[in-house]
Amino acid sequence: MIPILSMEFLLASGIGAMTAVGLYLIMLRRTFPVVVGLSFLSYAVNVFLFTMGRLNIDLPPIFSKEATAYTDPLPQALVLTAIVITFGMTALIVVLSLRGFLETGSDDVTLASQGGDEAESASRDGASR
Amino acid sequence: MTSQWLIVPVAVPAMTAALLVLAMHYGYAVQRALSVAATGIQLAVAIGLFILASDGESRVYLLGAWPAPFGIVLVLDRLSSIMLLLTAVVAFGVVLASIREWDTRGRHFHSLFQFQLLGVNGAFLTGDLFNLFVFFEVLLIASYGLMLHGGGPKRLKAGFHYVAVNLIGSTVFLFAVGTIYAVTGTLNMADLAVKVPQVAAGNEALLAAGALLLFTVFAIKSAMVPLHWWLAPTYGSTSPAAAALFALMTKVGAYSIIRVYTLIFGADAGPLANIALPWILPAAILTLVMGTLGVLASRSLLDLVCYALVASMGTLLIAVGLASAEGLAAALYYAVQSTVTSSALFLLAGLMARAGEHASAKAKAYTPGTAVLGLYFLLAIASVGMPPLAGFLGKLLILDAGRTSPHIALIWSFILITSLLLILGFARFGIQTFWSRPRAADAAAAQPMPAMLTAVIAGMIVVLAALSVFAGPVMENMTAMAEQLLEPQRYIRAVLPPAATAGLVGG
């Protein structure tokens with residue numbers, strides 16, 4: 001039985017809520033909610049990874065003379081890597097959706113062509129060479 | 001056994017890619033020379049590593065000389081060496097074919113190309129689960145750039161889907177890695193293989209959830225039904241050179257499935273033994289069916305090739321799902337030949353589109369010449385699995401390996417029926433394209449075919465023929481590889497220090 005006001009409950013429900021919000025948003029039809037949803041998912045996974053080393057309070061991650069026990073330092077390194085990668089990816093997808101909006105005039109994520117997409121892209125390929 | 005050569009397939013593209021960014025101002029000639037030279041070096045090293053690995057030893061490179069399981073390790077065994085060699089061969093062909101055809105349509109093509117090779121080579125070599133995630137990201141980031149190379153609205157829309165799907169995949173990967181780490185306390189694959197069978201009774205479900213989440217990620221990468229929808233729009237809207245290289249990326253997914261579910265969650269994994277196996281065979285059969293239906297419904301060569309690639313992933317994964325030495329050997333043989341075939345077909349689609357641009361304003365009105373017809377015919381034969389090219393032998397080997405399976409009726413009927421439907425699909429497309437009456441205006445505007453591109457496609461067909469002629473020695477190697485895979489103790493002993501492997505039996 002986990003007490004309602006424990007740190008574990010707080011984190012677990014927080015991760016759950018963020019994942020749920022993220023999953024809902026990525027299923028919408030516009031690019032902006034999808035990007036926000038992806039960000040929520042990455043926040044959720046970052047906190048999730050952080051808790052994978054178990055929740056400890058006031059313990060040093062690396063060597064300390066006074067320490068009697070240590071917290072796991074590896075998840076923190078993993079989270080840092082994950083944050084850097086997802087940050088870069090989010091920046092890319094933001095630019096991508098902006099370019100898509102500017103070139104097609106809509107921020108709809110569906111692939112259904114509004115006519116002439118194919119010919120346009122083919123002529124573009126030819127022109128830029 | 002340690003070998004310093006293992007770092008070369010990772011280090012060479014990494015340094016070349018950075019150099020190529022700096023060489024932007026020196027024009028295309030310098031970039032092309034650098035890129036081709038670097039890919040050539042990778043090819044030579046891959047051949048060397050293949051010979052090195054063919055003695056059956058697993059070789060290890062400790063990054064920063066940190067002992068396993070604390071540092072990151074690169075591991076070379078037969079499977080990695082075969083995949084490295086395949087990557088190098090395909091990449092060498094594609095880089096030659098891209099010269100003057102596709103590399104001038106946007107900036108940094110060669111740089112992105114080398115970054116992509118860095119990710120693919122790294123994924124094949126790494127012996128660490130989190131490092132596998134990092135190399136996945138490297139190859140994905142490069143693939144986003146390559147996929148969008150040249151631009152255009154259609155490409156941007158499809159690119160958004162591709163990036164979004166893979167971002168979700170990366171998130172799931174991290175959830176899976178986190179769960180596995182929480183239960184076992186390690187991410188080194190060899191160490192995981194030791195620790196997973198000893199999992200505490202209460203944590204089995206958690207570890208199983210992690211293992212299956214991981215399988216979902218690899219299923220996305222290998223375009224397994226129902227996670228295959230991203231492939232056709234993405235590959236179908238990118239440049240043919242990029243698509244030809246991307247044919248390798250689905251194999252990274254298949255490789256990861258083979259590696260993780262033989263080494264970590266294989267037959268020796270105690271309560272979690274063969275955890276993904278019940279899912280592979282049904283999903284693979286569905287993938288084959290969906291790919292075949294896609295081929296029948298395709299109207300352009302690019303779409304046709306995309307769905308043929310999905311179908312070939314289905315066939316390949318059926319062989320993986322057999323979980324026997326024969327099945328794995330057949331799967332690898334099929335993977336090698338289908339990658340080369342798909343790459344060549346993507347390049348051919350580019351060749352036809354290219355000639356069509358010159359012939360008339362509407363690409364559809366173009367009627368290709370006899371040489372293109374010949375190349376298409378040979379590649380169609382290879383793709384659907386008709387004799388005498390290697391596709392036939394690949395399917396035959398898979399059918400043969402399926403004889404001992406309890407699901408023989410299912411496997412045989414689906415592979416044989418879909419082969420017939422694939423023949424129909426390819427034949428119909430060929431008839432519509434090549435046997436329709438040429439228009440006078442088009443005949444007048446006939447253009448000489450780009451020589452390098454044609455030569456590369458022909459070279460890939462020669463590789464397929466060689467795979468067919470030397471099928472005996474190749475299969476001996478593949479069988480040895482499959483036996484090595486099914487004895488994970490050899491891998492574990494090579495990676496971990498002797499004290500950690502004292503409790504292991506067998507091998």
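Helices and strands here are DSSP runs, numbered from the N terminus. The model is a predicted one.

Start with the cis peptide bonds. The bond from Val225(B) to Pro226(B) is cis, and its omega is near 5°. Pro226(B) sits in a loop of chain B, with α8 (204-221) on one side and α9 (231-237) on the other.

Further along, the bond from Pro387(B) to Pro388(B) is also cis. Here omega is near 10°.

Now turn to phi. Ala65(B) has a phi near 55°, which is positive although the residue is not glycine. Its place is the loop between β1 (59-62) and β2 (73-76) of chain B. Is Ala65(B) buried or exposed? The residue has 8 C-beta neighbours inside 10 Å. A residue is exposed if that count is 12 or fewer, so Ala65(B) counts as exposed.

Ala323(B) is the other alanine to inspect. How many C-beta neighbours does Ala323(B) have inside 10 Å? There are 19 of them. Burial needs 20 or more and exposure 12 or fewer. Ala323(B) therefore counts as partly exposed.

Technical notes. Residues are numbered from 1 along each chain as its sequence is written. Chains are lettered from A and ligands numbered from 1 in the order in which they are written. This is a predicted model: local features need pLDDT of at least 70, side-chain atom pairs count only at pLDDT 80 or more; totals for chains, interfaces and linings use all residues. Helices (H or I, at least four residues) and strands (E, at least two) are DSSP runs, numbered from the N terminus.
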